[in-house]
Amino acid sequence: MKDLLIRPYRAEDAAHLAKVFHRAVRRSTGAHYSLVQRMAWSPRPGDGTDWHARLSEIETVVAELPSGPVGFMALNVEDSFVDFAYVDPSVRGQGVGAALYAVIEGRARAIGLSGLQTEASRVAEPFFRARGWVVLHRQVVKRRFIGLPNALMEKDFGVAEVAA
Ligand SMILES: CC(C)(COP(=O)(O)OP(=O)(O)OC[C@H]1O[C@@H](n2cnc3c(N)ncnc32)[C@H](O)[C@@H]1OP(=O)(O)O)[C@@H](O)C(=O)NCCC(=O)NCCS
C-alpha cells in the first residue's frame with residue numbers, strides 16, 4: 001500500500017489506536033460476533049491513557065498513513081505472545097495487517113524467540129493460519145460477562161537447538 005509506514009509506537013498514538021481498536025471490533029467482526037459480543041468486546045472508544053499503559057509495556061508497532069495511524073500489532077517478548085492485531089476498517093484487506101505482522105515475526109526471530117502464540121479472534125484466525133500458524137485449542141473468553149470464542153494459536157519457527 002502506497003505511503004504506508006510501519007514504525008514503533010509513540011505515546012501520542014494511544015488515542016488514535018484506541019479508536020482503531022473500537023472501530024475494528026465494531027465494524028470488522030460482525031460476520032463472526034453478534035452485536036452483544038462486539039459491545040462487550042469494546043463498549044465505547046477507549047481512553048488514550050489506558051491504552052498507553054497497555055501498549056507502552058510491550059513492543060507495539062504502528063501502521064501509519066499520511067492521514068494518521070491505521071493499525072497496530074504488539075509483541076510481548078516475555079511470553080512470546082502477539083498481543084494485539086487491529087486494522088482500521090477503512091483500510092482492511094489492503095495489506096496493512098500483513099505489513100505489521102512481517103515486522104512482528106521478523107523482530108521475534110531476530111531476538112531469538114523459538115515461536116509465537118496468540119489468541120486469535122475468528123476474524124483473525126485465517127489471517128494467522130495463512131502465515132503458518134496452527135490452532136492449539138478453541139476456547140471461549142469472557143469480556144464483561146459475555147463469552148467470545150477465539151483460538152489459542154501457535155507458530156513454531158523450527159529453530160534447531162545448537163549443541164553446546
Ligand atoms: C485481522 C486483521 C488485523 C487483518 O488485517 P488486514 O490489514 O485486514 O489484513 P491484510 O489486508 O494484510 O490481509 C493479509 C492477508 O490475509 C487475508 N485475510 C485477512 N483477514 C482475513 C480474514 N478474515 N479471512 C480470510 N483471510 C483474511 C487477506 O486476504 C490477505 O491475503 P493475501 O496476503 O493472500 O492477499 C484485520 O482484519 C482486523 O483488524 N480485524 C478485526 C479485528 C480483529 O479481529 N483483530 C484480531 C484480534 S485477535
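This is a predicted model: local features need pLDDT of at least 70, side-chain atom pairs count only at pLDDT 80 or more; totals for chains, interfaces and linings use all residues.
Student: Two strands pair if DSSP finds at least two bridges between them. What counts as a strand or a helix?

Tutor: Both are DSSP runs, numbered from the N terminus: at least two residues for strands (E), at least four for helices (H or I).

Student: Okay. Which strand does E6 pair with here?

Tutor: E6 pairs with strand E7, residues 146-156. The two run in the antiparallel sense, over 9 bridges.

Student: How many residues sit between the two strands?

Tutor: The hairpin of E6 and E7 has 2 residues between the strands. Arg-144 in that hairpin takes a positive phi, near 50 degrees.

Student: Is E6 well covered or hardly covered?

Tutor: Hardly covered. E6 spans residues 134-143, and the count of buried residues among its 10 is 0. Buried means 20 or more other C-beta atoms (placed from the backbone) within 10 Å of a residue's own; exposed means 12 or fewer, and partly exposed is in between.

Student: And Ile-146, where is that?

Tutor: Ile-146 belongs to strand E7. Ile-146 is partly exposed, because 16 other C-beta atoms lie within 10 Å.

Student: Which residues does Ile-146 touch?

Tutor: Leaving out residues up to four places away in sequence, Ile-146 touches Val-36, Gln-37 and Ala-40. A contact needs C-beta atoms within 7 Å. Val-36 is 110 residues from Ile-146 along the chain, yet their C-alpha atoms are separated by 7.9 Å.

Student: New topic. What does the whole chain look like?

Tutor: The protein chain has 5 helices and 7 strands. From the N terminus on, the order is β-α-α-α-β-β-β-α-β-α-β-β. Along its principal axes, the C-alpha trace spans about 55 × 35 × 30 Å. Of the 164 residues in the protein chain, 30% count as buried.

Student: How many of its contacts join residues at least 24 apart?

Tutor: 65% of the contacts between residues at least 6 apart in sequence.

Student: Last one. What surrounds the ligand?

Tutor: 21 residues do. The closest are Gly-97, Ala-98, Ser-121, Ala-124 and Pro-126. The elements giving two or more residues to the shell are helix H1 (14-28), strand E4 (81-87), helix H4 (96-110), strand E5 (115-121) and helix H5 (125-129).

Student: What puts a residue in that group?

Tutor: Its C-beta atom lies within 6 Å of the molecule.

Notes. Residues are numbered from 1 along each chain as its sequence is written. Two residues are in contact if their C-beta atoms, placed from the backbone, lie within 7 Å.
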